[in-house]
Amino acid sequence: MFVTFEGIDGSGKSTQASRLYECLSGIFGKDMVLLTREPGGWSCGDMLRGLLLHHEWRSWSEFFLFMADRYEHVHEQIMPALSNGLVVICERYIDSTLAYQGWGRGLPIEEMERLFSLMSLPVPDLTILLDIPIKTAMDRIRSRRAPDRLEEEEFLGRVRCGYRHIFERNPQRIRCVSSDKDKDEVFTEIFRLVEAFMDESRRRR
Ligand code: TYD
């Protein structure tokens, strides 16, 4: 099973993805669950992540760097884990590129999607989209550290709007959860969705 977490910066993806990892590891065993993230979740990923976040790239260069990071990540980590029957939990994936580079930077969505399928990128079975108002997200980011170059308010507004469109176009895969509330409540909702998805998959088999 391939589960991704999506949402704007400060929406609580890392917290919720780690909780899901702990919970599913308790059920299936730690060696049966992989928690990973983009950008950077593969052997040379930290190098590329540093490059991506701390340099002002032109939009297509940024897009291709994210795609190079993803292709390595998919082949080195995600696909081997999925073929060995692991549950893969990934923070950010293709929807981040559509929301940030597409809606945020204005690159063409359909062309990007065509490239995803040309690259045979596996499609997640379930995507949890954490939705939060921009102001709350910005307050959360600022309380932790100085915002990085992709965390400017107006830009994040476009990205959030993009996520809403992506959600509307993929109702069978994406579940939207409001993360503007207590972390435990958010997790309860997420776990219910994951359980329902697993039950449904078992019934279909
Ligand atoms: P993230 O790991 O969520 O940031 P942090 O842990 O520093 O809060 O993601 C890093 C940034 O990369 C985030 O602003 C979103 C951006 N991003 C894209 O613009 N496109 C992509 O395809 C991906 C995977 C991330």
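Predicted model: local features only at pLDDT ≥ 70, side-chain atom pairs only at ≥ 80, totals over all residues.
**Group meeting: a first look at the fold**

Residues are numbered from 1 along each chain as its sequence is written, and side-chain values use heavy atoms, with hydrogens and water left out.

On overall shape, the radius of gyration, taken over C-alpha atoms, is 16 Å, which agrees with the value near 17 Å that a compact globule of 205 residues would have; that globule rule is 2.2 Å times the number of residues to the power 0.38. Of the 205 residues, 49% count as buried, meaning under 20% relative accessible area with a 1.4 Å probe and protein chains only.

Turning to the aromatic side chains, the structure holds seven aromatic pairs, that is, rings of Phe, Tyr and Trp (its six-membered ring) with centres within 6.5 Å, called stacked when the planes are under 30 degrees apart, edge-to-face over 60 and tilted for the rest. One of them joins Tyr100 and Tyr163 edge-to-face, at 6.4 Å centre to centre and 80° between the planes. Because Tyr100 lies in helix H4 (residues 94–104) and Tyr163 in helix H7 (residues 153–169), the pair ties together parts 63 residues apart in sequence. Tyr100 is buried at 6% relative accessible area, and Tyr163 is buried at 4%.

Note on methods. Buried < 20%, exposed > 50% of the residue type's maximum accessible area, 1.4 Å probe, protein only. Helix = DSSP H or I, 4+ residues; strand = E, 2+ residues; numbered from the N terminus.
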